[in-house]
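Subject: Handover of a structure and notes on its contents

Dear colleague,

I am handing over the structure below for your reference. My notes on it follow, and I would be grateful if you would read them alongside the view.

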Amino acid sequence: MSKRSRKLVFTMTAAATLALLIAAGCRPTSRTLPEECSEPGRLPHIRPDYNATVIPPNIAPLNFIVEEPGIEYRTRIHGDQGEDILIASRNPTVVIPEEPWRELLQANRGGKIGLDIYVKTQDGRWTHFEKIENTVAQETIDSHLAYRLLGPVGNFYRKIGIYQRNLENYDESPIVTNDTFGGCINCHSFRDNNPDCFSFHVRPGPINIKATSGMIVARDGHAARLQTKSELVPGPPGYLSWRRDGLSVAFAYGKPRQYFRSCGPEIRDVYDIWSNVAIADGKTGATSSSPDLTTTDHLETFPCWSADGKALYYCSAQAFWNPDEMPDPVDIMRIKFDLMRVPYDVEYNTWGQPEKLLTAAETHKTILEPRTSPDGRFLLFCMSDYGGFPINQASCDLYMMDLESGKHRRLECNSDKTDSWHCWSSNSRWIVFSSKRENELLARPFFSYIDAEGREHKPFILPQKDPAFYDAYLKTYNVPELITGPVTVPEDELVQAVLSGQSASQGGATSKPAWQSTAGKTAADKPNWQAVDDDAYSHE
Amino acid sequence: MVFVNSGQPSQTKKHCRLLQSVRTIGAIVFRPRVLLFVALFALYLYAILDVRMIFQARESLFLWNLRFFTDFTGRPGTLLLWVDSLLVQLCYFGWPGALALAAAVWLLLVSTIGLMNASGRADIGGTWIIPGIILVGMHNDYYFFHTSLSAGLALAMTAANGWVRIPSPRIWLRLPLFTALSIVVYHLTGAFNYYCFAACCVIHEALAEKRRLPGALMLLIGIAVKFGLDAVLIRFDLFTRNFQPPVLETKLNYPPVWQLALLYGYFPACMLFVIYRETAGNAARTFWQKLRGTFGKKVSRKEAKNKKRKKAARNDAEQSIAPANRFGWFRWTASTLLILAAAAAAGFYTLDRNKKLLLEINYCTDHQMWEDVLKKARELPRPVFKNSLEANHNVNLAMYHTGRLPYEMLFFPQSVKNWTLINYLRLPNQMINKPCDVYLELGRVNEAEHILIEFMEKWPTGGAYKRMAFVKMIKGQPSAAKTYLNVLRDDLVWRSWAQAYLERLAKDPDLSDDEEIQQIRRLMITKDDLHQTGKYSSDDRFGINFSAILLSQLRQNDHNKMAYEYLMAQCLIAGNVDGVVELFFVLDNFSYPGIPTLYEEAAIIYASKHPEELVNNQSGVFFRGRKISETTFNKYLRYEAFLKKQSTPSKEVGAAMARQLEGSYFPYYYWLHLGEMNE
């Protein structure tokens, strides 16, 4: 090798070493655990709180920040089986490599994994904290989570979208957003945690007037409107619930209004001036209901099919106000819903007598959002102090009813802030819910394991690649729904359905109600839903 | 005999070349005229235009972090909006903003001159001042997105300048190079700047270098890059949605089309001009040579290229150095002065002083410089003031803070519809913080939060997040406040404020030693009253009554001075003297020296209809046991004299009364009853 070549090789090696050193934070870190260290005899503070919880064997790495002052950090993640993961860093952020993590979880299914954290303090001494231990459940969680992302909106909103997140890694992608029409997208609902069959509700927006209110149904890779407008159901449906066979969808319809409180921790409140429950044929959109679900003196809302599809759970409360006037806040605070169940005969499309499963009089709280577990054993619902819109109430907590015994209890995984919008996994072993425990204003999805006895375990937050992600994230996670795979209907297809105004029913004709209410209440008696667009809430 | 080069001469040659290169770069970059122009432009931006008002007019969200940056990377030209947002934030600090804006203009001008010199070989003279003057005019409108224009054009022209100066390799290398550069320029600078870049490059290739086929291919590549990149970016949806900055979706306020056409048209037009001048010159020379019958020796292609390069370098150098003789100095000075005078004239005639004053009033209000608010408001022409919601609002707030509201409110035009800013959803984005601040001061924290929630959706800014964090701290919700403070840590304007509050929250989550927060907490209402202060109209719209809010606030805390003075002002403006008198009982809660003048005057008008309420004795005139000042009573006597003199009310009497009793409630009341307040 000539002198010139040697010089060139030397220069290049030096430059590469320098670049590597800069990339590694100027000083190399050792990849071994310290031998001598002090033991403070306590657990380290880590954020998010991933301690003493039960995690699914297919969850993405639970990256975290060590909230202990130090200049160097070592973390050993280990279990009885599999290879240890050792992470060394100069900053307190612990980013776990995905592949070794996945292998470790798989190797320790049904066992435990531990986190040993070592922190080097300013004086050069190492501290070794007590081991953080989490249990790896035997049962997996559905691989994807669908949720709505939006700001803490009032009257005006700019960006709303339904997104999906792969729980096995950190990939997030939009299912549908309002970019092209500017309207509201809400009430997404999946049939039996199935990503191939779902629906959502849209309201028109300022960007494209072609988008009209209605329900969009996506099935087997195609999307279209389900035309539910009829004499019985004059307005678009909300709070949807699919029967497992996909032949019927239950929904609530009414006239919601937003109300802004002039004092108190939460400024927003929503109430229904009137509201009813109906069902629609999943393919034709033909609507029907029962007189008991469309009463004039009661508000009926939050329908949910039982696991076997032979009954409908819903919530009902007495209305106290005149629809033409703004109710006194005191009246809104008097509204308390009971939990109801009404039998339904699929074959003959007939309804039985509704029964009260749990009353507000017993609980002194309003009972909302019933969701049955897919195995039919449990009913998960929430209770808050009053009203029909729990997400805006700090008092809202999750409760579970054993459908065999009829007994209910408050879940241990609740916080002193809002916990609501819950959903079961397809195997009935996991629940996800929106909680404002971290922030008071913005909801985050939390997961909790439900064991074979129906006991819930300490919840953990949806993991993010950057563990500080939630510190400065200004969107709220609304209606998290677990699904067994990714939604594959292209966003364009969904947007086309939003903009089309076409019916999903064959021939596109407006379907006739299969069964008319006999309560003497017609659409003409009710205020027009169309008037309740967002302008209705505008301050003038 | 064989001569071997010792190496010494070649080293000298290298040094010479290096020096020449440095000199050329220096000549391109530091042109005295351009430097002088840019220096004066920076001074103008700072001292006359006042770049802080650009921030005031166009504040938008900007965060110095990667997640915010990536939101701007997915579409062509959006990076410029990131640069624009950064420059606007720098404007908040004054000098840094002025220098940054001037630097963008400087880069544009030097790269333009460099491009023309390298391409056309003919001197472009002082025509570079044309884009300079246009940009001066554009910068004069505080609301235009001019910074993205100058920065985008500067980048595009720098790229074009670089392109024409690179040595000409073979076509198979040249075209891919152009394609790569086009993709970069289009993605960085957006469509219009890219068109400008591509046009200049194609003109250079086809006309200056006379390579017609590559020129035509470059034209095709230019078009293909535009549509190809658009298609790819739509297909792969690369941009992130972390913060969804509204500047990426809102229709932005750009200068008029003719100004844009003039600006963007200048570059290709100038290029054609310099090439045409050279071609025309060459043709003339050839003609004379033929006429004389002499034929010049044939020049090789390489020699021709060297000649051109030398000429370009000479052009660069010639324009950079000072003239050699006295006459040259005179010519240089005169032409420089002419150029600067043209720019100054453009600046002078396009600056809207009223717009500037309005922004200054806003700025002073936001910084609680109350005396300055009133001073600047007095400079504002009366019709402009009357038509400005914000000026009216700011002046009333300044008068409240300086204790003059119950005394001098009527020295400024007043109108009920301008007073309250209640229609906040219809306010311009930069004004929506105003009602929020008033509600906060009044103690209506939830209303302030509601406005902020709407505002943050409509047009999120650091200012809105700052207020939201503040609201959450007042309400004792530290974890929610911290989320906004964490965001603000990356905001150049509010980062130190946010950091300070994060530290304070860590020590005391209740912030019990923060006097401002404690003061607002004392005024906060404890009983929901929205059913009394708002209602749905027949068309299902929800409305709020500002007077009802003030009254409710006063009912729940009768020591709320702002609620009291604002409510009294509302009554005065509406001519509701009965209301003014009814609220007299709260006067004692505040330490006024006697009855404030305007309230006294309203009371006398009330007493003129209820004489039994007024007692006139040796000690003076008394209204419900409160002494009316002699000055006020004398004013009333003059008012009464006016009324007696004219049996029928008329505008003339009103005008005469207003002149003699300026700032008094009497002429206002007279005008109000004349139904001519809006005149």
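A residue is called buried when its relative accessible area is under 20%, exposed when it is over 50%, and partly exposed in between. R404(B), with a relative accessible area of 19%, is therefore buried. Please note that the model is a predicted one.

R404(B) lies in the loop that connects α17 (389–401) with α18 (405–408) of chain B. Which side chain makes a polar contact with that of R404(B)? The partner is E371(B), at 2.7 Å. Apart from neighbours within four places in sequence, R404(B) touches E371(B), L374(B), R378(B), M399(B) and M409(B).

The two chains

Chain A has 540 residues, and 59% of them count as buried. Its secondary structure consists of five helices and 35 strands. Where residues of chain A at least 6 apart in sequence are in contact, 59% of these contacts join residues at least 24 apart. The accessible surface of chain A is about 21700 Å², and 50% of that belongs to carbon and sulfur atoms.

Chain B has 679 residues, of which 53% count as buried. It contains 33 helices and five strands. Of the contacts in chain B with a separation of 6 or more, 71% are between residues 24 or more positions apart. Chain B exposes about 31800 Å², with 61% supplied by carbon and sulfur atoms.

Confidence in chain B

The mean pLDDT of chain B is 85, and 85% of its residues reach 70 or more. I would ask you to keep both stretches in mind when viewing the chain.

A sheet and a helix in chain B

Three strands of chain B form an open sheet with antiparallel pairing, in the order β3-β4-β5. Why is one side of β3 (614–617) and of β5 (626–628) of chain B left without a neighbour in the sheet? Both strands stand at the edges and have a single partner strand each, so one side of each has no neighbour there. On average, neighbouring strands of this sheet are turned by 35 degrees against each other, direction ignored.

Strand β4 (residues 620–623) of chain B pairs with β5(B) in the antiparallel sense over three bridges. For F623(B), the bridge partner in β5(B) is R626(B). Helix α31 (residues 630–645) of chain B packs on the sheet and touches β3, β4 and β5 of chain B. The direction of α31(B) makes about 55 degrees with that of β5(B).

Helix α27 of chain B

Helix α27 (residues 546–556) of chain B has as its buried residues F546(B), I549(B), L550(B), S552(B), Q553(B) and L554(B). Their cover includes the helices α20 (433–442), α21 (445–458), α25 (515–523), α26 (530–533) and α28 (561–574) of chain B, together with β2 (542–544) of that chain. At the start of α27(B), a side-chain oxygen of N545(B) comes to within 3.0 Å of the backbone nitrogen of S547(B).

Loops of chain A

F469(A) sits in the loop between β34 (460–461) and β35 (476–483) of chain A. Is F469(A) buried or exposed? At 14% relative accessibility, F469(A) counts as buried. Leaving aside neighbours within four places in sequence, F469(A) contacts Q464(A) and Y477(A) as well as R67(B).

Most residues other than glycine have a negative phi, and most peptide bonds are trans. The peptide bond from R47(A) to P48(A) is cis, with omega near -5 degrees, and P48(A) belongs to the loop between β2 (46–47) and β3 (54–55) of chain A.

D192(A), which is not a glycine, has a positive phi of about 55 degrees. It is placed in the loop between β14 (185–191) and β15 (194–202) of chain A and counts as partly exposed at 31% relative accessibility.

D220(A) also has a positive phi, near 50 degrees. The loop that holds D220(A) runs between β16 (214–219) and β17 (222–226) of chain A. With a relative accessible area of 60%, D220(A) is exposed.

Yours sincerely

Technical notes: Residues numbered from 1 in each chain as written. Chains lettered and ligands numbered in written order. Predicted model: local features only at pLDDT ≥ 70, side-chain atom pairs only at ≥ 80, totals over all residues. Heavy atoms only, no water. Pairing = 2+ DSSP bridges. Helix = DSSP H or I, 4+ residues; strand = E, 2+ residues; numbered from the N terminus. Axes fitted to C-alpha atoms, helices over the stretch in contact; angles between N-to-C directions. Contact = heavy atoms within 4.5 Å. Buried < 20%, exposed > 50% of the residue type's maximum accessible area, 1.4 Å probe, protein only. Polar contact = N/O pair within 3.5 Å; in protein donor to acceptor, adjacent residues only side chain to side chain. pLDDT = per-residue confidence, 0-100. Areas by Shrake-Rupley, 256 points an atom, 1.4 Å probe, with all protein chains shown as cover.
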